[in-house]
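Subject: Structure for you to look at

Hello,

Here is the structure I said I would pass on. Please open it next to this email and follow along.

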Amino acid sequence: MIKSKLPNVGTTIFTVMSKLAAEHNAINLGQGFPGFQMDMKIADLVHSYMKKGFNQYAPMQGTIELRRVIADKINVMYGHSYSPDHEITITAGGTQAIFTAISSLVHPGDEVVMFAPAYDCYAPAVELNGGIPVWINLTFPDFRINWEEVKNKLNERTKLIIINSPHNPSGTVMSADDMSQLEFLVKDREMFVLSDEVYEHLIFDGVKHESVSRYPDLAKKSLIVFSFGKTFHNTGWKMGYICAPEYLMNEFRKVHQFNVFSCNTPIQYALADYMSDKDTYLKLPGFFQEKRDKFLAALQGSAFTYKPADGTYFQVLGYDGLFDEADTALAVRLTTDFGIASIPCSVFYPVDAGQNALRFCFAKEDNLLEKAGRILGTITGLN
Ligand code: PMP
């Protein structure tokens, strides 16, 4: 009998809900990926680099062309200078960056503070490295962090705190005050920050993305994860990057080189060319804000409760008083009976926190959003 290293991990809810959605021909607002085509200019660039023969291993840390464009972008957006040579590494998506960062820092017995609801790859990576997740629950509809509670969880075993803003699944965004509080807590402690900023460009209503790189004392102790897939509508390419001060990046690269060694070569050359036009990423917030607004406008009149998402492409809807069943059961029933697939928020908590809320992805074609919103909008009483 094999002794599992992750005994509690089974098939993810994302797979389950997508399969159910397909079986019932439901509108799939479950899994978080764009339901529309990316810009064909990137595809043409990749193709041309392939034809020109850029098909062998890229440098371990990524092509210098792409690292330079990234350094420039972060400097322009957040005012922090990362050295392309020593402080930026191209990864196989945000997920690999997160796994490798955790593996390079967390030793057996180290504690890692994280907030639930949380994206599902953090805790397994901590546990595989013998670390201990220390959870802090955030609750619907504000999902705000109580920094006093965070302070009380820190001790000499705390190695890392993982933050994620804009936040999946809640769609909330950390404020300047949140960042100052974090900076204050971390400054004089022997601990680091892993900041998951894959949704940096998906932020609405003029809200500013408070990247940890904006805060010099925080940046000194942080690794920041980004994803090209989220930015350029090609999640299937699994391309991302990580930025960190040199002493942390050295440790990251030691693990990275035995984890993937290097990432897709022609895509790196293509992205460097494509991103030299800043509009490719600066126009994104408006695009997704329109989608959020379409979905919410179609929902008008429904009895679901919500705060409009400030960022990401997710909207959480609460159903207290509308349905009296657990969110996992409701997500199934909404798919089979109403034709709309979502993700129950309980799966983002280590233990169900009874939030009675579902996550809907609005990175979909407008007609699907309008249809889904209308159907949900008709649900007005206890069903
Ligand atoms: N972090 C968060 C919060 C995410 O939602 C995702 C993707 N769903 C990732 C990281 C992983 O990004 P990638 O697809 O580039 O691995």
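A residue is called buried when its relative accessible area is under 20%, exposed when that area is over 50%, and partly exposed in between. By that rule Asp366, with a relative accessible area of 27%, is partly exposed. Please keep in mind that this is a predicted model.

Salt bridges

I will stay with Asp366 for a moment. Its side chain meets that of Lys291 in a salt bridge, with 2.6 Å from N to O. The pair links distant parts of the chain, since Asp366 sits in helix H15 (residues 366-377) and Lys291 in helix H13, 75 residues apart. Lys291 has a relative accessible area of 6%, so it counts as buried.

As background, side chains of opposite charge can pair when their charged atoms come close. The structure holds 17 salt bridges. One of them joins Asp72 and Lys278, whose closest N and O atoms are 3.4 Å apart. Asp72 lies in helix H3, while Lys278 lies in the loop between helix H11 (265-274) and helix H12 (279-282), so this pair ties together parts that are 206 residues apart in sequence. For another distance from Asp72, take Val193: the two are 121 residues apart along the chain, and their C-alpha atoms are separated by 23 Å.

Glu325 and Arg333 form a further salt bridge, at 2.8 Å from N to O. Arg333 is partly exposed, with 23% relative accessibility. Glu111, Glu156 and Arg157 are linked in a network of salt bridges.

The two domains

The domain assignment of the protein chain gives domain 1 (13-31 + 283-377) and domain 2 (41-277). Note that domain 1 is written as two stretches of the chain. The C-alpha centres of the two domains lie 26 Å apart. At the interface, 27 residues of domain 1 are in contact with 30 residues of domain 2.

The size of an interface is often given as the accessible area lost when the parts come together. Here domain 1 and domain 2 bury about 2500 Å² between them, and 63% of that is on carbon and sulfur atoms.

Helix H13 (284-299), strand E9 (314-318) and strand E12 (357-361) are the elements that give two or more residues to the side of domain 1 that touches domain 2. Of these, H13 gives the most, with 6 residues.

Helix H10

How far apart are the end C-alpha atoms of helix H10 (residues 246-259)? They are 19 Å apart, which agrees with the 20 Å that its 14 residues should span at 1.5 Å a residue. The buried residues of H10 are Leu248, Met249, Phe252, Arg253 and His256. What covers them includes helix H3 (64-78), helix H4 (93-105) and several strands, among them E2 (88-91), E6 (192-196) and E7 (222-227). H10 is followed by Phe261, whose phi is positive, near 65°.

Backbone details in the loops

One joins Phe140 and Pro141, with omega about 5°. Pro141 lies in the loop between strand E4 (132-137) and helix H6 (147-153). Another joins Ser165 and Pro166, with omega about -15°. Pro166 is in the loop between strand E5 (158-164) and helix H7 (176-187).

Positive phi values also turn up in residues other than glycine. Asn25 has phi near 50° and sits in the loop between helix H1 (13-23) and strand E1 (27-28). At 72% relative accessibility, Asn25 counts as exposed. Lys238 has phi near 50° as well, and its place is the loop between helix H9 (228-232) and E8. Lys238 is partly exposed, with a relative accessible area of 41%.

Regards

Conventions
Residues numbered from 1 in each chain as written. Predicted model: local features only at pLDDT ≥ 70, side-chain atom pairs only at ≥ 80, totals over all residues. Heavy atoms only, no water. Helix = DSSP H or I, 4+ residues; strand = E, 2+ residues; numbered from the N terminus. Expected span 1.5 Å × (residues − 1). Buried < 20%, exposed > 50% of the residue type's maximum accessible area, 1.4 Å probe, protein only. Contact = heavy atoms within 4.5 Å. Domains from an automatic or database assignment. Buried area = accessible area lost by both parts, 1.4 Å probe. Salt bridge = Lys/Arg side-chain N within 4 Å of Asp/Glu carboxyl O.
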